Amino acid sequence: MTKEVVGEKRSFSGKDYQDPPPEPLFDATELGKWSFYRAIIAEFIATLLFLYVTVMTVIGYKSQTDPKLNPDQCAGVGILGIAWAFGGMIFILVYCTAGISGGHINPAVTFGLFLARKVTLVRAVMYMVAQCLGAICGVALVKSFQSSYYTRYGGGANGLSDGYSIGTGVAAEIIGTFVLVYTVFSATDPKRSARDSHVPVLAPLPIGFAVFIVHLATIPITGTGINPARSLGAAIIFNKDKAWDHHWIFWVGPFAGAAIAAFYHQFVLRAGAVKALGSFRSQPHV
């Protein structure tokens, strides 16, 4: 990179960052690499831990505020504490696994990164499978340790709250997931890292805060899904009608929000469409 200094201003004659090349749609060589399977294991364990801690927090809060057991309705961590548990665990787990698997811990995040050509189809599918299995095992651990409380207090399953329409629930999931996936793209953008290198930002921190803020906004509406694996794991282990009512919301909403975030970041903020058009125009035409 070359720089020209004029007075106190700097002008850059070339890129001061390097975009990684897009991943191929299908890369069979991944299947023969230990790093691929190590990443899958990391996603499984991270999602297991995420569901174990967060669902345990939800169950504990509901038991502490049960009027039959405790007349003090201000007991427990409250909705604020639940939001902190979800956001804090994402911060911790992304920090721990980012260097191994990328720290997705969410099929919607994986889907968004796949659409942006950040991961291959094989890796995306295997990550989603590992995340869903990890979520199921994490919630199963909660039930095995607190079976009576687990069943009594809804198993931490997501559901559309009374008084809210299906449209409101879908919109809450779309917008909430958009905020999360948009933050993931922005926090890991090589251009932002290069241009703002003088501002030390730990990528997992804004991602965790995004999860925290979204939970504050949407817990009263849907219990906050924004993660299909989280919703699926709780629904399968709890396995009551209420857990499956409108369950599709927690897949359609997050996947739609992730797709919108991927399009917005890649084609609007990073001008992917403009670059593609410019490349097309620069090619000789017969």
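Student: Which residues does leucine 232 touch, not counting residues up to four places away in sequence?

Tutor: First, the basis: this is a predicted model, in which local features need pLDDT of at least 70, side-chain atom pairs count only at pLDDT 80 or more, and totals for chains, interfaces and linings use all residues. Residues are numbered from 1 along each chain as its sequence is written, and side-chain values use heavy atoms, with hydrogens and water left out. Contact means heavy atoms within 4.5 Å. With sequence positions up to four places away not counted, leucine 232 touches Cys132, Trp244, His247 and Trp251.

Student: Where is leucine 232 placed, and in which helix?

Tutor: Helices are DSSP runs of H or I with at least four residues, strands are runs of E with at least two, and both are numbered from the N terminus. Leucine 232 sits in helix H9 (residues 228-238).

Student: Is leucine 232 buried or exposed?

Tutor: Buried means under 20% relative accessible area, exposed over 50%, and partly exposed in between (1.4 Å probe, protein chains only). Leucine 232 counts as buried because its relative accessibility is 15%.

Student: How many salt bridges does a search of the whole structure find?

Tutor: Side chains of opposite charge can pair when their charged atoms come close. The criterion is a side-chain nitrogen of Lys or Arg within 4 Å of a carboxyl oxygen of Asp or Glu. The search finds one salt bridge. In a salt bridge, arginine 123 meets glutamate 30 at 2.9 Å, N to O. The pair is 93 residues apart, with arginine 123 in helix H4 (residues 121-145) and glutamate 30 in the loop between strand S2 (9-12) and helix H1 (34-64). Arginine 123 is buried at 16% relative accessible area, and glutamate 30 is buried at 6%.
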